[in-house]
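Welcome! Please take a moment to look over the sequence and the model shown here.

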Amino acid sequence: VDRIIDTIEERGFTCRRFTDAYDALKNAQGLMKSKRLRCVIYGGGETKSDSEASTDVVKPINFFRDLCHIKDGAEVPVERVCLYGGNTVTSESIRLQLWKTGTKIHDKGSNLLEWITAISGWDEDDEEGHIVKKETNFPNKPLRSLKREISVGSMRLEECRRRLEQCFVEKKALESISEKDKEDLQKQSIGLHAQLVDVIQNRQKTIGNYIEKSTDLLKRVPKEKFMVEDSFETSTGSGRDAALAIAWLRWLEGQDEDSQKGIEIQSNYADNVYAAYCALVTEKEGLRQVELASNVMSFVNSPTHKKLLNLAHDWLRTFLPHCLSKVNRVSFGLLNSSECLLALEEDPLVPQSRLHLAIPFVGKDVPSKSAEFAHPDITIGLTILSYRYSGMR
């Protein structure tokens with residue numbers, strides 16, 4: 001069901017999914033009155049057991065009857081409803097009853113997509129509009145066209161694209177300014193950096209105070225319930241989690257002594273304290289990284305130097321630990337002289353990268369026959385280590 005919904009939305013349509021028939025009817029009627037309803041699809045759920053299947057026989061019939069025969073100006077035309085088999089099996093009796101009413105039945109997703117695409121909008125020619133009004137008893141007023149809704153994700157993506165284009169324009173404008181203007185921008189950047197550092201330090205001081213309070217609370221909790229880790233990874237939600245942790249600790253401080261004792265005996269108290277501690281420590285580490293990044297952006301003027309610093313950071317944090325975790329001639333290594341000759345005999349057009357760079361091994365002294373490392377930095381690092389361990393050939 002999720003896959004077919006994604007496919008429908010990729011074609012530019014907006015889907016609303018309901019598990020309750022009453023909610024589906026109300027929403028369909030509202031969209032029908034505003035002429036924004038394209039179609040209604042019933043079914044497509046997961047396979048049910050035999051005991052549940054017997055109670056589910058009349059549901060499609062009753063649903064379509066309520067949907068298409070309510071005389072309040074919001075009944076849906078039978079041409080705009082269908083039953084989708086999906087992961088369920090539709091009995092012959094239900095198929096016969098729906099066939100008598102003119103309701104479509106589709107068992108394949110491809111047929112369902114073709115049916116949805118073929119449905120006409122509300123602003124077709126007069127002949128089609130006359131048929132729709134006659135069948136649905138619409139009041140005598142001009143029909144409005146279907147409105148295609150844009151999802152929140154698409155709006156955010158479009159905004160990011162516009163902002164990226166603006167950044168490129170601003171970058172080109174900055175590259176063409178004079179040296180005096182560049183010096184003024186540098187001074188302005190340093191001034192803003194000082195303000196940012198003040199804000200970060202004040203925030204770190206506040207978080208440090210609450211870290212001490214949460215640490216005191218952790219000391220009262222039995223150690224066998226959890227172990228406090230020393231390192232935490234920052235994420236996009238660190239600031240939000242830290243704010244919630246501070247709000248919870250302030251609320252806890254505002255309780256009287258008897259209330260605090262009642263809270264401490266609750267089953268989730270230890271988990272809440274530990275979660276608050278982790279959120280605060282993670283946010284403090286995140287602020288430290290932000291301060292370091294601001295120092296680089298403010299005091300390192302050369303773009304090349306900034307790229308080198310980023311590359312050094314990636315090597316120290318990611319690439320080097322990964323390379324050092326590998327074992328030479330077990331998970332990686334160089335082809336020795338005999339292995340190189342054997343590779344050339346089997347394939348004279350063997351890539352030179354396999355003969356001179358480190359390649360993956362499938363076991364002890366068993367090099368892979370054709371695989372190579374995809375990441376260039378990892379290839380460079382493992383090649384240097386291989387020559388360091390095995391020596392020059």
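What follows is a short tour, from the whole chain to single residues.

This is a predicted model, in which local features need pLDDT of at least 70 and side-chain atom pairs count only at pLDDT 80 or more, while totals for chains, interfaces and linings use all residues. Residues are numbered from 1 along each chain as its sequence is written, and side-chain values use heavy atoms, with hydrogens and water left out.

**The whole chain**

The protein chain holds 16 helices and six strands. These elements are DSSP runs numbered from the N terminus (helices: H or I, at least four residues; strands: E, at least two). Of its 393 residues, 30% count as buried; buried means under 20% relative accessible area, exposed over 50%, and partly exposed in between (1.4 Å probe, protein chains only). The chain exposes about 26,600 Å², with carbon and sulfur atoms supplying 55% of that area. Such areas come from the Shrake-Rupley method with a 1.4 Å probe, and for residues only the protein chains shown count as cover. Among contacts (heavy atoms within 4.5 Å) between residues at least 6 apart in sequence, 67% join residues at least 24 apart.

I4 sits in helix α1, which covers residues 2-10, and is buried, at a relative accessible area of 15%. Leaving aside residues up to four places away in sequence, I4 touches Y84, G109, L112 and L113. I4 and L113 are 109 residues apart along the chain, and their C-alpha atoms are separated by 8.7 Å.

**A three-stranded sheet**

Now to the strands. An open sheet is formed by three of them in the order β4-β5-β6, with antiparallel pairing. Because β4 (332-333) and β6 (366-367) stand at the edges with a single partner strand each, one side of each has no neighbour in the sheet. Strands count as paired if DSSP finds at least two bridges between them; β5 (residues 359-363) and β6 are joined by two bridges. In this pairing, G363 stands opposite V366 of β6.

Most residues other than glycine have a negative phi.

N328 lies in the loop between α13 and β4. Is N328 buried or exposed? With a relative accessible area of 18%, N328 is buried. Setting aside residues up to four places away in sequence, N328 touches G333, S386, Y389 and S390. Its side chain also makes a polar contact of 3.4 Å with the side chain of S390; a polar contact is a pair of N or O atoms within 3.5 Å, where, within protein, one must be able to donate a hydrogen and the other to accept it, and residues adjacent in sequence count only if both atoms are side-chain atoms.

Y389 belongs to helix α16 (residues 376-390) and is partly exposed at 48% relative accessibility. Together with L316, L320 and L324, Y389 makes a nonpolar surface patch of about 430 Å². Helix α13 (residues 303-324) gives the most to this patch, with three residues.

Note on methods
Patch = residues over 30% accessible without salt bridge, like charges linked within 9 Å, V, L, I, M, F, W, Y side chains within 5 Å. Salt bridge = Lys/Arg side-chain N within 4 Å of Asp/Glu carboxyl O.
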